[in-house]
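Look over the model shown here.

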Amino acid sequence: MISKKMTNALNLQMNREFFNARLYLSMAAYFESINMPGAAGWMMAQAQEETGHAMRLYAHLRERGARILLTAIDAPPTKWASPLAAFEAAYEHECKVSREFDEHMALAQSEKDYATTIFLQWFVTEQVEEEASADEIVQRIKMIGDHKGSLFMLDRALGERKADD
Ligand code: FEO
């Protein structure tokens with residue numbers, strides 16, 4: 001039996017993950033607007049993954065017999081100062097999401113909710129990857145600086161990403 005407190009935390013996170021999907025979709029739209037279709041595709045794949053994260057939480061709540069509640073979702077930002085600023089925002093956002101999952105994990109462990117602890121382990125591992133992939137792109141854009149040809153090449157490489165989960 002999942003507690004009310006754990007149910008509320010996972011419902012909150014499910015709704016946050018739907019926000020995350022819209023945040024990355026908004027970043028995709030921004031990259032379309034500055035003619036970087038590869039980065040837009042990367043962000044689109046990320047948005048799909050975030051919807052997948054929300055649905056994993058939905059499924060866990062359903063399997064545990066908890067009441068699932070969809071709430072209002074804030075509008076995401078719509079523009080960023082530069083490609084670097086957008087990927088830096090993505091990286092910082094993922095660090096925040098990691099802290100959110102750490103808190104959920106701490107709650108699950110304090111409640112001896114081992115089913116939720118095991119369920120959340122996937123997200124804790126996923127967050128390591130999410131932070132690393134955004135940070136890698138930040139570092140690559142910093143190296144490129146103002147070199148338009150290299151930014152074009154990076155955009156092409158980013159466009160090869162496919163959504164995993
Ligand atoms: Fe689902 Fe990128 O956090």
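Predicted model: local features only at pLDDT ≥ 70, side-chain atom pairs only at ≥ 80, totals over all residues.

Numbering runs from 1 along each chain as its sequence is written, and side-chain values use heavy atoms, with hydrogens and water left out.

**Helix packing**

Helix α3 spans residues 83-110 and helix α4 residues 114-144. They pack at an angle of about 160°, with axes 9 Å apart. That makes α3 roughly antiparallel to α4 (an angle over 145 degrees). The residues of this contact divide into 17 nonpolar, 7 polar and 6 charged. Helices here are DSSP runs of H or I, at least four residues.

**Two buried residues**

Q127 lies in helix α4; A28 lies in helix α1, residues 4-33. Both are buried (under 20% relative accessible area, with a 1.4 Å probe and protein chains only).

| Residue | Relative accessible area |
|---|---|
| Q127 | 3% |
| A28 | 1% |

The side chain of Q127 makes a polar contact with the side chain of S98, at 3.2 Å (N or O atoms within 3.5 Å, one able to donate a hydrogen and the other to accept it). Q127 touches E94, V97, S98 and F101, not counting residues up to four places away in sequence. Contact means heavy atoms within 4.5 Å.

A28 is in contact with A40, M43 and M44, leaving aside neighbours within four places in sequence. A28 and A86 are 58 residues apart in sequence and 9.9 Å apart in space, C-alpha to C-alpha.

Key. Axes fitted to C-alpha atoms, helices over the stretch in contact; angles between N-to-C directions. Parallel < 35°, antiparallel > 145°, perpendicular 65-115°, else oblique. Nonpolar A, V, L, I, M, F, W, Y, C, P; charged D, E, K, R; others polar. Buried < 20%, exposed > 50% of the residue type's maximum accessible area, 1.4 Å probe, protein only.
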